[in-house]
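Subject: Structure handover

Hello,

Here is the structure you asked about, followed by notes on what was found in it. Please read the notes with the structure open.

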Amino acid sequence: MNILIQLFLTFAKIGAVTFGGGYAMLPILQREVVDSKHWVRDEELMDYYAIGQCTPGVIAVNVSTFVGNKLAGISGGIAATLGVITPSIIIITITFFLKSFEHNVYVMHAFVGIRACVVVLILDTVIRMIRKSVKDTRQGLIFTGILLGALFSGVSPAVLVLVAAVAGYFFMPESLIKREDRK
């Protein structure tokens with residue numbers, strides 16, 4: 001099957017089953033684009049995710065664009081982006097015509113359950129990201145510093161990502177620098 005069609009269909013599936021935005025999407029993205037399709041590595045997905053948080057727009061759209069662009073250039077980025085936004089556009093269009101739907105008691109109860117599920121998906125994402133990203137004491141210190149900054153300072157997430165990047169650059173072990181240069 002054509003890669004552009006695969007990108008569109010894969011990201012449309014992800015967009016259709018993801019409630020809660022980009023954070024809740026990460027476990028589904030990992031399963032689909034890392035584990036199942038092997039389009040990107042875990043580290044790449046985490047990098048795209050971090051960049052997606054710093055760039056304007058919705059994280060899900062940004063990440064899908066990065067993955068699509070990696071696989072098939074600009075047309076791949078467009079196909080993946082269209083795939084991830086299509087389900088939302090369809091749902092928004094349907095709900096626009098069914099305004100009374102939002103006050104339906106069954107729908108309201110369903111959303112209570114969906115919100116609980118979204119919290120679990122986000123927590124799962126956080127735990128996975130910590131396990132994959134914090135591998136030594138230096139990374140643990142950067143993580144702890146950024147966590148405290150995020151919880152208590154009110155600083156923009158974009159600024160925190162930049163601070164973490166600078167800290168990672170200056171505190172990166174010499175052995176990793178040499179290993180990266182050989183690639």
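Lys70 and Glu44 form a salt bridge, with their closest N and O atoms 3.4 Å apart. Lys70 sits in helix α4 and Glu44 in helix α3 (residues 42–54), so this pair ties together parts that are 26 residues apart in sequence. Glu44 is buried, at 15% relative accessibility, whereas Lys70 is partly exposed at 39%. Please keep in mind that this is a predicted model.

A search of the whole structure gives six salt bridges. Lys13 and Glu32 make one of them, with the closest N and O atoms 3.2 Å apart. Lys13 belongs to helix α1 and Glu32 to helix α2, so the pair links parts that are 19 residues apart in sequence. Lys13 is partly exposed, with a relative accessible area of 44%; Glu32 counts as buried because its relative accessible area is 7%, and the cut-off for buried is under 20%. Apart from residues up to four places away in sequence, Glu32 touches Thr10, Lys13, Ile14 and Lys37. Helix α2 itself covers residues 22–36.

Asp124 and Arg128 form another salt bridge, with a closest N to O distance of 3.0 Å. Both residues are in helix α5, four residues apart, which is about one turn of the helix. Asp124 is partly exposed at 27% relative accessibility, and Arg128 is partly exposed at 32%. Elsewhere, salt bridges with shared partners join Arg41, Glu43, Glu44 and Lys70 into one network.

Which residue does the side chain of Asn62 meet in a polar contact? The partner is the side chain of Thr55, at 2.9 Å. Asn62 lies in helix α4 (residues 59–97) and counts as buried, with a relative accessibility of 11%. Setting aside neighbours within four places in sequence, Asn62 is in contact with Gly52, Thr55, Pro56 and Gly57.

Next, the surface. The accessible surface of the chain is about 11700 Å², and 70% of that belongs to carbon and sulfur atoms. Val126, Ile130, Phe143, Leu147, Leu148, Leu151 and Phe152 make a nonpolar surface patch of about 640 Å². Helices α5 (105–133) and α6 (137–152) each supply at least two residues of this patch, and α6 gives the largest share, with five. Phe143, one of the patch residues, lies in α6 and is partly exposed, at a relative accessible area of 33%.

As for the overall fold, the chain has eight helices and zero strands. It is 183 residues long, and 27% of these count as buried. Among contacts between residues at least 6 apart in sequence, 54% join residues at least 24 apart.

Last, confidence. The mean pLDDT of the chain is 84, and 90% of the residues reach 70 or more. Confidence is highest in helix α1 (residues 3–17), at a mean of 93, and lowest in helix α8 (residues 174–182), at a mean of 53.

Regards

Key: Residues numbered from 1 in each chain as written. Predicted model: local features only at pLDDT ≥ 70, side-chain atom pairs only at ≥ 80, totals over all residues. Heavy atoms only, no water. Buried < 20%, exposed > 50% of the residue type's maximum accessible area, 1.4 Å probe, protein only. Contact = heavy atoms within 4.5 Å. Areas by Shrake-Rupley, 256 points an atom, 1.4 Å probe, with all protein chains shown as cover. Patch = residues over 30% accessible without salt bridge, like charges linked within 9 Å, V, L, I, M, F, W, Y side chains within 5 Å. Salt bridge = Lys/Arg side-chain N within 4 Å of Asp/Glu carboxyl O. pLDDT = per-residue confidence, 0-100. Polar contact = N/O pair within 3.5 Å; in protein donor to acceptor, adjacent residues only side chain to side chain.
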